[in-house]
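Hi everyone, thanks for coming. Today I'd like to walk you through one structure, step by step. Please have a look at it first, and then we'll start.

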Amino acid sequence: MKYSEITIRFCGIAGDGIVASGKIFAGACANIGLHVMVNNIYSAEIRGMGKSSATIRFSTSKLYSMGDGLDLLVGMEAKESIIDLRDVKEEGNVFYDTSTIGDVEEEDSLVSHITPEMQGHGLPIQKLANEATGTNQGKNLVTIGAICYFYSLPPEMFVDQIRSVFAHKGEHVIDVNIKAFNLGYEYFKEHYPLNNQFEFDKTSEPMALTSGNDAIAKGALDCGLKFYAGYPITPATKIMEIAAKELPKLGGWTLQMEDEIAAIGAVLGAWFAGKRAMTATSGPGLSLMCEMINLSVMAEIPTVIVNVQRGGPSTGLPTKVEQGDLNIALYGGAGDSPRVVMAPTDSEECYSGIQLAFDIAEKYQTPVIFLSDLFLGQRIETVTIKENIDRDRCTRKKPTSEQLEDFQRYQITDDGVSPLIVPGKPGAVFSTTGLEHSIKGNPNYEEEVHSMMTAKRFRKFESIVEDLPHAVILGDETADIGIAGWGSTIGSILEGMELAREQGVKTKLIKSIMIHPQRENLFRKFFASCKKIIVPEMNYQGQYAALLKSRYGIKPIEIHIPAVNPVSPLKIAQKIMEANSELSQ
Amino acid sequence: MSFLSKQSVIDGLNKAKASKTKEWRDNLPTWCPGCGHFTGLHGLYEAAEKLKIPPKDFVVVSGIGCSGRFPFFIKGFGLHGLHGRAIPIATGIKVASPELTVVVVGGDGDGVGIGGGHFPHAARSNFNLTYILLDNSIYGLTKGQVSPTSPMGMKSGTSPYGNIARPLNPTTLALAYGATFVARTFSRERDMVSELITRAIQHKGFSFVHDLSPCVVFNKDVTYNSLNDVTVKLPDEHDTLNRSNAMSLAESTEPVYQGLFFKEEIPSFDDHVKQVKDGLED
């Protein structure tokens with residue numbers, strides 16, 4: 001068979017080198033110019049027999065999601081792999097370990113569960129690993145060697161990668177891992193005929209690899225981040241670790257605080273002092289931050305909060321994805337409390353979007369909540385990062401010398417934005433407060449003042465729209481079926497649309513990083529041109545659909561997936577087909 | 001305690017307007033006449049004047065409560081934030097801009113009640129902040145409920161049968177948390193309050209001033225008179241480098257000592273940060 005795209009899963013338990021397999025595979029693919037996306041799934045427990053899997057999808061063309069189904073399941077451990085057999089495509093392949101078959105009852109062995117629709121291929125994974133490394137390590141490299149031969153991939157792509165991944169561990173480790181790789185390769189060459197061919201352009205340029213979390217951290221550092229305060233939480237911690245390492249080199253600093261309230265408090269303090277600052281958290285942390293978000297709104301102190309969503313509510317599912325924090329991002333907190341909510345749809349938007357978040361926060365003196373999610377945050381993918389971002393598009397509104405003479409921190413203006421000064425500079429001083437206040441910032445509870453100030457705080461959101469990127473419409477503009485989505489679900493939607501197109505059904509998609517505020521005219525025009533509107537998202541309530549319904553008065557077909565895994569493109573395609581058959585009735 | 005006459009208030013204001021600290025005075029305080037907090041505020045004015053802190057570099061951060069209003073009465077930058085969260089906000093300001101003088105002002109409910117989780121970490125990190133805790137052993141702004149420093153047995157709106165919990169002692173907490181400057185003052189002693197606040201701001205590292213600052217309206221148990229009976233100055237021979245000795249003196253309730261309990265010169269947070277950054281440049 002000839003392939004231009006393959007999906008492989010390594011399935012085992014913690015300690016099998018699963019994560020390393022994904023890393024080696026991703027690096028090897030990126031180096032030879034293939035598009036690749038890797039999704040690691042692991043349990044919330046660090047030790048013990050926790051399941052660990054790495055799914056690697058690589059292709060000659062751009063990937064938007066993890067797709068559906070596996071071309072190959074590599075069973076490093078029988079019990080967990082048996083469960084994952086359900087994900088193997090028809091005619092798909094399974095590698096199983098022949099050296100451990102006798103260790104378990106027949107019904108517990110992987111090979112006994114392989115159905116006639118699949119093709120099983122045995123190899124002595126553990127035995128070959130022992131032979132290469134003298135330990136139980138190296139099982140992953142044995143299977144990578146076998147895969148390399150199985151799909152007739154060039155061995156150098158992996159050998160080079162092994163050298164670079166294990167470079168810090170010394171020559172011996174590199175040698176034994178290459179040996180393990182070669183043993184797997186040779187075993188397959190000896191025992192199986194070469195039936196498959198992955199075809200690709202061997203002259204492609206290498207591609208950059210990133211995760212969403214890495215892209216957010218890099219984007220923030222590249223646009224002047226000077227201070228980070230946070231509290232460790234899965235799946236956002238990586239952003240803090242990068243900030244902790246890089247900020248001191250750039251004249252900044254990272255503080256690990258005692259809780260998320262302190263983290264966002266310190267971030268507000270740093271912004272008050274005039275420095276770009278951020279924190280990153282997940283649902284439980286965002287819950288704790290709501291009162292500080294209110295203070296940011298009331299005192300008009302800029303803030304950037306990244307929320308890498310995981311399954312909820314409460315401690316929920318720390319290592320599983322869900323888009324359940326839209327409501328708290330939009331509405332969490334007391335009073336009339338407007339804030340900007342953004343949701344990047346892929347790693348490239350994590351990089352550019354976080355920079356927009358900083359610019360909006362600074363210009364409009366508002367909290368910006370940047371909603372990523374576990375899948376987007378942790379998956380590794382090949383990207384083309386555009387670094388030519390206009391640094392002057394948004395600037396802090398500074399007072400004129402006249403305004404400084406009788407400085408009014410909360411001066412009423414047409415766009416709602418008042419001049420802002422920071423400590424340490426001569427000119428004027430002011431005090432601010434979370435209490436309702438006068439134009440000077442002094443506490444004031446008069447009805448006219450409260451109405452005027454509330455209106456001013458909301459007026460900023462009309463002004464922000466001017467600085468927002470336009471939503472984009474993808475797919476076929478003449479289609480009757482329109483889809484609106486947000487965040488990482490967009491990737492699955494795009495692939496679902498492609499599957500529908502292959503069945504002759506045209507669709508279009510409106511995609512925007514902005515959840516609130518939005519350029520509403522574009523959305524209205526888009527919805528008006530649709531006969532059916534579909535809104536898929538990874539939560540039970542349909543939180544984005546609820547927002548769109550109240551904002552635009554639409555009645556969409558909602559797809560609510562309280563997710564633990566990224567959304568299946570096939571599921572989206574099925575809904576599109578259903579909508580299409582309703583249309584033609 | 002009787003309230004002050006109208007004339008004495010006017011006289012006081014006129015005196016204030018002419019005072020040498022006028023450069024740091026802003027809005028007139030809104031506290032009840034006789035409130036202990038006037039002394040703390042006066043102390044901060046005097047410290048700012050003595051140390052010639054330019055208002056543009058002076059940042060006062062407060063929480064919520066009667067003490068929370070400090071920023072509005074001081075010419076400088078001010079942030080009246082959230083209940084209990086003044087310390088983390090101040091931390092962000094100071095770490096982002098170490099050249100600023102940052103003073104945190106809070107009350108007993110604010111500092112060892114709702115915000116009690118932040119105090120130890122600021123102290124152990126030795127952030128270069130000054131924290132003034134104005135302790136009136138009552139929730140005054142909500143009109144009289146027991147606080148974490150109220151004595152056992154104290155009756156209040158929310159403890160009608162008497163306070164069952166034992167009071168916290170903020171001075172001993174600061175010592176236990178590793179603060180590098182720990183003092184206790186009583187708002188009846190204006191000069192001592194001013195002097196110790198000044199020295200606290202001068203200190204490089206986390207400095208803590210526990211100011212006993214009676215509420216003359218809602219607290220009938222902890223009063224000027226009751227404190228007057230028990231407060232004494234620390235013995236002259238007290239060694240301010242001896243933390244455990246400071247701890248046992250700070251624990252004493254009869255008498256209640258005032259003065260500088262502890263002071264040590266060790267690298268502050270800013271010094272450590274500088275060291276890390278200098279190392280990266282090599």
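**A walk through chains A and B**

Let's begin with the overall form of chain B. For its 282 residues, a compact globule would have a radius of gyration near 19 Å, and chain B comes out at 18 Å, so the two agree. Along the principal axes, its C-alpha trace spans about 65 × 45 × 40 Å. Chain B is built from eleven helices and eight strands, and 51% of its residues count as buried. If you take the contacts in chain B between residues at least 6 apart in sequence, 69% of them join residues at least 24 apart.

Please keep in mind that this is a predicted model. How confident is the predictor? Chain B averages a pLDDT of 95, and 98% of its residues score at least 70. For the complex, the predictor gives an ipTM of 0.95 and a pTM of 0.96.

Now to the place where the chains meet. How many residues of chain B are in contact with chain A? There are 34, and they touch 37 residues of chain A. On chain B, helix 3 (70-73), strand 2 (77-80), helix 4 (86-96) and helix 11 (269-281) each supply at least two residues of that side. Helix 4 of chain B gives the largest share, eight residues. By type, this side of chain B divides into 17 nonpolar, eleven polar and six charged residues.

Strand 17 of chain A, residues 431-433, pairs with strand 2 of chain B in the parallel sense, over three bridges. There you can find A:Ser431 opposite B:Gly78.

Six residues of domain 1 of chain A are in contact with eight residues of domain 4 of chain A. On the domain 1 side, these are two nonpolar, three polar and one charged.

Next, helix 18 of chain A, residues 543-552. Which of its residues are buried? They are A:Gln543, A:Tyr544, A:Ala545, A:Leu547 and A:Leu548. What covers them includes helix 11 (326-331), strand 19 (481-484), strand 22 (532-537) and strand 23 (557-560) of chain A. Just after helix 18, A:Gly553 takes a positive phi of about 65 degrees.

In general, most residues other than glycine have a negative phi, and most peptide bonds are trans. Here are some exceptions to look up on your screen:

- A cis peptide bond joins A:Thr234 and A:Pro235, with omega about 5 degrees; A:Pro235 sits in the loop between strand 10 and helix 8 of chain A.
- Another cis peptide bond joins B:Glu254 and B:Pro255, with omega about 5 degrees; B:Pro255 is in the loop between helix 10 and strand 8 of chain B.
- A:Ser152 has a positive phi, near 40 degrees, in the loop between helix 4 and helix 5 of chain A.
- B:Lys143 has a positive phi near 75 degrees, in the loop between strand 4 and helix 7 of chain B.

Is B:Lys143 buried or exposed? B:Lys143 is exposed, because 11 other C-beta atoms lie within 10 Å and the cut-off for exposed is 12 or fewer. A:Ser152 has 14 within 10 Å, so A:Ser152 counts as partly exposed.

Notes: Residues numbered from 1 in each chain as written. Chains lettered and ligands numbered in written order. Predicted model: local features only at pLDDT ≥ 70, side-chain atom pairs only at ≥ 80, totals over all residues. Contact = placed C-beta atoms within 7 Å. Helix = DSSP H or I, 4+ residues; strand = E, 2+ residues; numbered from the N terminus. Nonpolar A, V, L, I, M, F, W, Y, C, P; charged D, E, K, R; others polar. Pairing = 2+ DSSP bridges. Rg over C-alpha atoms; globule rule 2.2 N^0.38 Å. Buried ≥ 20, exposed ≤ 12 C-beta atoms within 10 Å, placed from the backbone. pLDDT = per-residue confidence, 0-100.
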